[in-house]
Structure formats: C-alpha cells, structure tokens
Amino acid sequence: MPRIRALLPALLLAAGCGAPAAGFRASSDQSFPAAWRYRVPRAPLAGRWAMVVSDHPTASAVGAAVLRRGGNAIDAAVAVAFALAVVHPRAGNIGGGGFLVYRAADGRSYALDFRETAPAAARADMYAGAAGPFGGSVTGARAAGVPGSVAGLAEMHRRFGRLPWSDLVAPAIALARDGVVLDAFRAASYNDTVVRRLRLFPSSVAALLPGGRRPREGDTLRQPDLAGTLAAIADSGPDVFYRGRVADQIVAEMRRSGGIITLADLEAYRARWRPPLESTYRGWRVLGMPPPSSGGVTLAEILNILEASGPLPRYGSAALMHVELEAMRRAFTDRNSTLGDPDFVAMPVAKLTSKPYAAALARGVDLNRATPTGEVPAVDEGQHTTHYSIVDPEGNAAAVTTTLNDDFGSALVVGGAGFLLNDEMDDFTARPGKPNLYGLVQGEANAIAPGKRMLSAMAPTIVLDPSGRLALVTGSPGGPRIITAVAQVVSNLIDHGMPLGQAVAAPRIHHQALPDSVYWERGGLTADQRRVLAAMGYRFRARPLFIGDVNTVLATPQGLQGLADPRRGGGAAGW
Ligand code: DON
C-alpha cells in the first residue's frame, strides 16, 4: 500500500482520471412533485481517492477495505460480488450471472459477459403449456440457466486482479460463517411471495428461513453451507464450482428437483470478453454493455433519440416526459424484436445505435400525441438485481451488475451448498407472444437454444466527459427499467444540470413499448402531469412501483462522489 500511495500522484496525472473531471453544468432549480418521498437528496459521500457504491453498506465497506490494502478496482469488484452473495441474498449471488464494464486508468476499456447459458437439453418450447404462471421459467430447478458469476469473477481477476484470489473471497466467508444482522431493507425483502416461494424447497428453508420462519430486522442470518462453498472456491478457484464438489451438488439438486443442468453444461461454461458498446451523448462518451445485454444498445438508442430531439423541454414538464417516453418506446420496440445472443443471431447493432437512425425515429414523434404500441397485461414487481460502481486510487473504474433475475432467483437453494440458483431462463422468449416476468414481449432473436445466452437489460455504464476523462460509473437493477433509469440519471446530469443527489433521487418514468403504458413511481407524477400525458393518449400502469436503484460514482472537479440510490438501502464507502 505505501508503494502504491507513493505512486499515486504520477498515476493520476498519467491517467487524467483522479484529476477533476470537466464536471457537469451546475444548476439545481428543478423541483419534484410535492408528494415525492425523496425530495431531499442525500448528500453523496465525498472522497479524493477511491469510492465503492453497492446495495449493501457492508459490501461497500468490504470493497473499500480491499482498495485500502492496495487492491485495484477489479480486486474490489470480486470481493464486493462475493460479499453481496452473502449479505444481499435476494440478488447478490454465486448462482446467477452478470456483466462488467471496465475502464482502466490507461484509457482502455473492456466488457466481460458472464451471463448464464441455456443448458444443452433446453428447447425453444420447453415452457409452453407447462403448469404454473410462467410454465416453470421462474420458480424451481428448470428455471435456472448455467451460472456464470463464479467464472466471471475468476476471469476478471485472472486478467486484471492484483491481490490473491483467496483474500478476496475471505470477507464473504467470514460474513456467511459469523452471520449478518438483517437491516430493515433486507428484512423487508422477505415479503409474502418470497417466503411462499422459498417454502417450496426444504433446502431453501434450511438456508434462508432459519427455524422455518420469516427472519426479522435485527435477526442474525448465518449461512454455514454457503461459508463452506465459498471456502472451497477460495481454496480451489472456479474449478470446484464447474467440475468439482459444488458442480456435483448442483447436478444432485437438478436430479432431486427436476432440473436439466448437467456436469457437461457446467464444464462447458465460459465467461466472454467483448468490446464495450461505445456511443456518445451530446459529446460525452458512453461505454455500455453490448449483447447479450440489450443494456448498451437500448441506452444508446434512447440517448441518441433524445439528442436528435434537440434541446430538451423544461425539467418536470409533460413535454419532456413525452419526448422521453417516445424515445423509450421506440428503443424497446427494436430491443424486443431484434436483440439476442450475438453468438446465435445477427443483429443490426450499428444501425440501432447510429445517429441518423435516431434522427429518423425522432422525426416520427408527434409532439402532441402518444404513438400506441399495443396492449399486453403487465406483470412484475421488485428490485432484485444488484449493481455496484467502483473507482480505485489509480483511476480504474468498474461498473458491475449481477442478478438471479427474480427476487431470490428461482427460490431454489442448492442442497448442502447454501446458494440460490437463478431463474434467468425467463429472460428468453420463453413463451412467444406472451409477456415475461417483466412484462416484456420478445421475439425469435431471443428464442431459447442450447448453450445460448438469454437477452438481458442490465446496463453497467461508464461515461467520460467530452475531453475523455472519467465522469460517471453507474448502473441499476430493475429488469427493463434498468435502461430507462440509467438514461434518466445521465440526462438529469447532462441536460438538466442536477447535482448527483438530485439526479438520482428524482422520480422516474418508464416505457418499454409493450405493455403500452407508462410505468411511474408513487408520488413521482403530479395529477396535472398525468392529466396532460393522458390527453396525449398515454395510459398508465395501474400500480406505481420503484424504477431502478442507481448506485453511482461521479467524478467531479472536487474529487469523487459516491451515492447509493435512496430507494433501497445501499451504501457508499470511500475516502
Ligand atoms: O438480465 C435481466 O435483464 C434481468 N434478469 C434483470 C432482472 C432485474 O434487474 C431484477 N431487478 N429488479
């Protein structure tokens, strides 16, 4: 650490990253609706050198401690991911998958895809006509894709990590073994639906419902089986998960619970490096996640349409929301019909992210009327992916989003191993023509096929200022609402000059083409705004919900700012 400290000024100069970013235009005269509960933005945590912002204060502290010991952003990313798997079980995971967007201090950028894959025995029609609300694509063993998280963390560490692997897993082992005291947010995550789903599986009750009852705030959750699994991963690396003892436990659980993941599926899993998706927004450079996430493409398309719409209407006006909603609708129409796993389908990514294409779409927006997309019933709730953002003292920046998909994934804990399996198979076009868990109606490009990655909406994102310096590391949970939440935070900062607290706390809206309705947050729209939008032809989703949970690090002329979204109990740690 002292050696690295001594190197810092030189490294920072070389990278031009720790140095003040050009900064966002300052202005804070935007007001929120009177009923909006996050009217008073929390002050971001200020730091000169390093910042970690995640969905749990303990996980952020684990990451910051790794950085203090001389670890880099990737070391911290690995440690935070393992910690989240313990302290934030509804979304943090080793049985799911995710994405990393990484920008090194030397200016090079990378994206790592550790998305789950469909098992070899998966078929396009495997959920058609099966029993249950989603035909088995959401709850239980058949919902699970081949997990990618452990392979992804090992791969990012192999390529860029500095501290020993086992040191990065160690904090999570201690948290699982010694127990974590549940805070209000974690206790609230055990809602009726979650408890009912976990009770379907004895292994899940044993791991996550101690004594068979719903844990309460202040209870200590100990996870000895998970501690054992993490210790094996710390000692033996990812092999134990993909071909060793843990792999055997996964396959045994598949046999018990009627799943189809085999040892061969696990052995064949590989995380994949991909070029990040680069776009620009009003001169700022946006590094996004390419397919098999729709995150980068759809974010770029929304921002391009906003840019092509010229200077945006006043913040808080229905006119602004109309432009935003039509941009979202058009980008999601393309997303839902054309995107999928790049190893399986050819996609018009260059066209979808081009400025002329966005300009043509923007010209098609009638300034007085909503463009109807169609009507499909909406289903879904919750915030159950996890995003964290890291900047290290050298100026390396990591944006990581990982997920189990639904709240607590498939609700199935691998017996003896103590971790939840994902239900990522539902992100495929599991039932053609029908909405998935997030109400998305998707096409042939995202059909299930053996070995294929299901299309995601996760959007870990890094933004550089017009002179190429690091400005923003961000991302969110929320399924399709991830993309629109990130787009609104970026626009709030760049177009509306909001300080970070306000940009993140601001109420959000969402449109995903189908269902053809505006998603909104309780208290986030005034009666007047809704009336004006309704007169333009917009329908509103009956029940308001949370839209995103945007955990962000901002680089400003004064240094770093870290802010966990006030919507969901995260925390920032840095100095
Ligand atoms: O990859 C996706 O797009 C989804 N599985 C993400 C799910 C999600 O964000 C859940 N959080 N609310």
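**Ligand site and salt bridges**

The space taken by the ligand is the largest cavity. A cavity here is a set of points, on a 1 Å grid over the protein atoms alone, where a 1.4 Å probe fits but cannot get out. The model is predicted: local features need pLDDT of at least 70, side-chain atom pairs count only at pLDDT 80 or more, and totals for chains, interfaces and linings use all residues. Residues are numbered from 1 along each chain as its sequence is written, and side-chain values use heavy atoms, with hydrogens and water left out.

**Shell around the ligand**

**Polar contacts (pairs of N or O atoms within 3.5 Å)**
- Glu 424 places a polar side-chain atom 2.6 Å from a nitrogen atom of the ligand.
- For Asp 427, a polar side-chain atom lies 2.5 Å from a nitrogen atom of the ligand.
- Gly 478 has a polar backbone atom 3.0 Å from an oxygen atom of the ligand.
- The protein covers 99% of the 340 Å² of accessible area that the ligand has on its own (Shrake-Rupley method, 1.4 Å probe).

**Salt bridges**
- The whole structure holds 33 salt bridges (a side-chain nitrogen of Lys or Arg within 4 Å of a carboxyl oxygen of Asp or Glu).
- One of them joins the side chains of Arg 256 and Glu 253, at 2.8 Å from N to O.
- Both residues lie in helix 11 (residues 245-257; a DSSP run of H or I, at least four residues).
- Arg 256 and Glu 253 are three residues apart, about one turn of the helix.

Definitions and conventions
A polar contact is a pair of N or O atoms within 3.5 Å; within protein, one must be able to donate a hydrogen and the other to accept it, and residues adjacent in sequence count only if both atoms are side-chain atoms. On a 1 Å grid over the protein atoms alone, a cavity is a set of points where a 1.4 Å probe fits but cannot get out, and a pocket is an open set with protein on both sides within 12 Å along at least five of seven lines; lining residues have an atom within 4 Å of a point. A molecule sits in a cavity or pocket if more than half of its atoms lie within 2 Å of its grid points. Helices (H or I, at least four residues) and strands (E, at least two) are DSSP runs, numbered from the N terminus.
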